[in-house]
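Here's a walk through a two-chain complex with a ligand. Have a look at the model first, then read on.

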Amino acid sequence: MKIVVAVKQVPDTNAEKTFDPQTKRLNRSAIENVLNPFDEYAIEEALRCKETLGGDTTVTILTMAPQRGVDVVRKALGMGADNAAMISDDAIGGSDTMATAYLLALALKHIGFDLVLCGTQSTDATNGIVPAAIAEHLRVPALTYAKKLEIKASAVEIQREVETGYARVGSQLPAVVSVTKGINEPRYPTLKGIMGAKKKEITMLTLADIGADLARIGEAGAKTQVESFTPVGARARGEVFVASDPKEGARKILDFLIAKKAI
Amino acid sequence: MAMTQVPQSLNFELSDDLKLLKSSLREFVEKELWPIAEQVEETDEIPRGAIDKMREMGLFGLPFSEEYGGAGIGELGYCVALEELGRASAAFTNLLGAHCSIGAMAMHIDGSKELKDRFMPALCAGDKLACFALSEPGAGSDAANISTSARRDGDAYSLNGVKHFITSGDVADYASVFAVTDPKLGARGGITAFWVDLNTPGVTRGPKDRKMGLFGSHTCELIFQDAKVPAENIIGKVGFGFLTAMKTLDMGRLSLGAGCVGSAAFMLEKSIAYAKERVQFGKPIAAKQAVQFMLADMATEIYAGRNMVYHGAWKADSGERFSMEAAMVKRYCSDMAIHVVDRALQIHGGSGFMKETGIERAYRDARILAIYEGTNEIQRMIIAEELLK
Ligand SMILES: Cc1cc2nc3c(=O)[nH]c(=O)nc-3n(C[C@H](O)[C@H](O)[C@H](O)COP(=O)(O)OP(=O)(O)OC[C@H]3O[C@@H](n4cnc5c(N)ncnc54)[C@H](O)[C@@H]3O)c2cc1C
C-alpha cells in the first residue's frame with residue numbers, strides 16, 4: 001500500500017508575523033519555517049499504519065514549497081517516512097487554496113497513491129479546505145476530522161470528530177483522510193532517522209512534470225484575493241473578581257458565566 | 001561593502017542534518033526534559049519514562065559509529081547535541097556524559113572489534129549503561145598514581161581496590177576500570193583498562209554520595225575484592241590503559257564544553273526575558289546599563305566558548321591531535337558557564353535565589369564543571385606542557 005502524506009511548511013507559530021503591504025502576502029522569508037504542527041499527526045498516523053500493515057507499505061511525503069521547504073521534508077523523513085516528492089516552481093507563488101489543491105492532486109496522480117493523509121488545517125492560513133478539495137480533484141472520497149483511523153483490507157474506517165462525539169465513517173480506498181490533533185502523539189525524528197534521512201530520495205517535480213495548467217495557478221489563477229489586512233488588537237485586560245470567601249468567589253464566577261451565556 | 005569573494009575553506013554553517021538534529025533536540029528538551037527538571041531535582045531521580053524516551057531518540061548512541069548502532073554524527077554532531085541537551089538539566093547530561101563521553105567511549109576508542117561487537121550495540125541502544133572508573137580516594141588529579149590492582153590469574157585478572165565519585169556507579173551495568181598491572185612501570189606501561197561487568201561477584205557499589213548539586217545523577221564508590229575479569233575484556237593492550245584514559249578524557253572534554261555552552265546560552269535567554277519584564281524604578285531593568293553590560297558580557301563569553309567547542313570538534317573529526325584544544329575548551333567553557341550562571345542569578349535578583357526559576361539549581365550544578373574530568377588547574381598544566389614541550 002502506498003500512503004502519501006501532504007505536508008506544508010508554515011512560519012513558526014510563535015514568531016511575530018508581518019505582511020508585505022504591496023503584495024499583501026505574509027513575509028515568509030523573515031521568519032523561521034517549521035513543519036505545520038497539524039501535519040505531524042498525519043505523518044505519525046501514516047507511520048503507524050505502515051507499522052501495523054507491514055509488507056510493502058510505504059510512506060511518501062508530498063509538499064509544495066520553495067526550495068528551502070526541503071527542511072520540513074527532511075524532518076518528515078527523519079521521523080521515518082520512506083521518500084518524498086516536492087513541487088517547487090517560482091510560478092506557484094501567489095497560488096490560493098484552490099490552486100494548491102489542484103497542484104497537489106496533479107502531483108498525487110503523478111506519483112500514485114492508495115491513501116492520502118493530511119492534517120486538518122495549516123497554522124498559517126487555517127482554511128482547512130485542502131484535504132476535501134484534493135479529494136474532489138481526484139474524484140475519491142474525503143474522510144475528514146479523523147480522530148481514529150483503521151485500515152481494513154482495501155477500505156478505511158475513521159471516527160470523525162463531531163461536536164457531540166464521533167461519527168463512524170468508512171470508504172473504499174483510494175481515499176483522502178484528514179486527521180485531528182487528538183489522533184496520536186507524534187514521534188520526534190530520532191538521531192538515526194535524521195542521519196538516515198539524507199540517504200532517502202526526494203523527487204523534485206516541476207509544473208511541467210505534473211502537467212499543470214498555468215492559467216489555474218499563481219496570482220492569475222487565484223479565485224480569492226486578499227483585499228486588506230489589519231492586525232489583531234491587543235486583548236483587553238481580563239476581569240478580576242475579589243471575593244472574601246470561596247463561596248462568594250464561586251457565586252461571582254457563576255454569575256459571570258451565566259451573563260456570558262456560557263452556561 | 002560586501003566582499004566579492006567568500007573564502008570556501010572556512011564555513012561555519014552546520015550541515016542540513018546537524019541543523020535538523022539541533023532543532024529536533026531543542027524540541028525534545030523543551031517538551032520532554034525541561035518540564036520534569038524540577039521533579040528530577042526534588043526526587044533525585046530521572047523517571048523511567050524519560051529515560052525510555054531518551055533511548056527511543058537514540059541519545060545513548062550519540063557519538064558512536066553506525067557500525068555498532070550509534071548515530072554516526074562524529075564529534076561535531078555530538079557536541080551540537082550536547083549543547084542542546086545542556087539546556088535541560090545537568091542530571092540528563094551527566095547520565096549521558098558518563099555513558100557516552102567517557103564510559104563506553106574508552107571501549108569505542110581502544111577496544112578490539114570483538115569487544116565492541118559484543119557490547120556496543122546494547123550500549124548504543126541504551127539497553128545497557130556504562131560508567132568510567134578512574135578516580136580513587138588517593139588519586140584524583142594525580143590519576144597516574146592509582147592503586148587499584150589487577151593480578152593475572154589464569155585466563156582472567158583479579159581486581160582489588162576502590163574507585164570513588166563514579167558517576168552512575170549505582171546504576172551502570174558496565175564500567176571502564178583502570179587498574180595497575182605492573183606497579184614498577186606506573187603510568188608508562190603499568191596501567192591497563194578493563195571492561196568490567198559490574199554484576200560480577202567481588203564488585204560492590206557503595207552508598208550514594210551526598211552532593212551539592214547534580215540531583216538525579218548519582219556518584220558512589222565501586223569496591224573491587226578479588227573481582228574476576230576475563231583477559232579478553234582488556235580494552236586495548238596491557239599497559240596502555242593510562243593512554244586510553246587520557247584519549248577518552250580528551251573527547252569527553254570537548255562535549256563537556258558543549259554542554260556548558262548550551263546551559264549558559266539558556267541562562268542568557270532567561271536573563272534577557274527577565275530583564276525585559278522586570279520593572280524597577282518605573283522601567284524594565286533591561287534599560288539599565290549595568291544590566292545591559294552583564295548581558296553583553298554573557299553573550300560574548302558564550303560566543304567565544306561555542307566557537308572553541310566547534311573548532312575543537314572539527315579538529316577531532318579531521319583526525320588531528322586536539323589534546324591542547326580539548327583542555328582549553330574544558331577550562332574556558334566550564335569557567336564561562338559558572339560565570340554566566342552567576343550573572344544570570346544576579347540579574348534575577350532574589351527570584352533567582354528561589355527554587356522556582358531553576359536558576360539556583362543551575363548555579364549549584366555548574367560548580368562541578370571546573371572540577372571533574374580533570375580540574376581546571378590540571379587543564380592548565382596540560383596546556384602549558386604542550387606550549388613548553
Ligand atoms: C560529581 C562528581 C562526579 C565525578 N564523576 C567521576 C567519574 O565518573 N569517574 C571518575 O573517574 N571520576 C569522577 N569524579 C572524580 C573527579 O574526576 C575528581 O574529583 C577530580 O579529578 C579531582 O580529583 P580530587 O577530587 O581528588 O581533587 P584533588 O586532586 O585532591 O585536587 C584538589 C585541589 O588541588 C588541585 N591540584 C591537584 N594537583 C595539582 C597540581 N599538580 N597543580 C595544581 N593544582 C593541583 C586541584 O586542581 C584541586 O583544586 C567525579 C567527581 C565528582 C565530584
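What percentage of the 263 residues in chain A do buried residues make up? They make up 38%, where buried means 20 or more other C-beta atoms within 10 Å of a residue's own, exposed means 12 or fewer, partly exposed is in between, and C-beta atoms are placed from the backbone.

Some housekeeping. This is a predicted model: local features need pLDDT of at least 70 and side-chain atom pairs count only at pLDDT 80 or more, while totals for chains, interfaces and linings use all residues. Residues are numbered from 1 along each chain as its sequence is written, and chains are lettered from A and ligands numbered from 1 in the order in which they are written. For confidence, the predictor gives the complex an ipTM of 0.76 and a pTM of 0.87. Chain B has a mean pLDDT of 95, with 98% of its residues at 70 or more; pLDDT is the predictor's confidence in each residue, from 0 to 100.

**Chain A**

Chain A has eight helices and eleven strands, taken as DSSP runs (helices H or I, at least four residues; strands E, at least two) and numbered from the N terminus. Its C-alpha trace spans about 70 × 50 × 40 Å along the principal axes. Of the contacts in chain A between residues at least 6 apart in sequence, 69% join residues at least 24 apart; a contact here means two C-beta atoms, placed from the backbone, within 7 Å.

Take helix α2 (residues 70–79) of chain A: eight of its ten residues are buried, so the helix is largely enclosed by the rest of the structure. Among those buried residues are Arg74(A), Lys75(A) and Ala76(A). Just after α2(A), Gly80(A) takes a positive phi of about 135 degrees.

Ala76(A) turns up again in the largest nonpolar core, which has 189 residues; Val5(A), Ala76(A), Ile134(A), Val177(A), Ala175(B) and Phe194(B) have the most contacts inside it. Such a core is a set of buried Ala, Val, Leu, Ile, Met, Phe, Trp, Tyr and Cys residues joined through C-beta atoms within 7 Å. Helix α7 (residues 241–277) of chain B gives the most to this core, with 15 residues. Leaving aside neighbours within four places in sequence, Ile134(A) is in contact with residues including Ala101(A), Leu104(A) and Val176(A).

There's also a cis peptide bond, from Leu173(A) to Pro174(A), with omega near 0 degrees. Pro174(A) sits in the loop between β9 (165–172) and β10 of chain A.

| Residue | Phi | Place |

Tyr145(A) is buried, with 21 other C-beta atoms within 10 Å, whereas Asp44(B) is partly exposed, with 14.

**Where the chains meet**

At the interface, 14 residues of chain B are in contact with twelve residues of chain A. On the chain B side, α1 (16–33) and α3 (48–57) each supply at least two residues, and α1(B) gives the largest share, seven residues. By class, this side has seven nonpolar, three polar and four charged residues. For these classes, Ala, Val, Leu, Ile, Met, Phe, Trp, Tyr, Cys and Pro count as nonpolar, Asp, Glu, Lys and Arg as charged, and the others, Gly among them, as polar.

Tyr188(A) is a handy landmark: it lies in the loop between β10 (175–179) and α5 (191–197) of chain A. Not counting residues up to four places away in sequence, Tyr188(A) touches Ser24(B), Glu27(B), Phe28(B) and Met57(B). Tyr188(A) is buried, with 21 other C-beta atoms within 10 Å.

**Chain B and the ligand**

Chain B is divided into domain 1 (16–129), domain 2 (131–239) and domain 3 (243–388), with bounds from an automatic or database domain assignment. Domain 2 and domain 3 of chain B both give residues to the shell around the ligand, so the ligand lies between them. Of the 22 residues around the ligand, Ser135(B), Gly140(B), Ser141(B), Thr375(B) and Glu377(B) come nearest; to be near, a residue needs its C-beta atom, placed from the backbone, within 6 Å.
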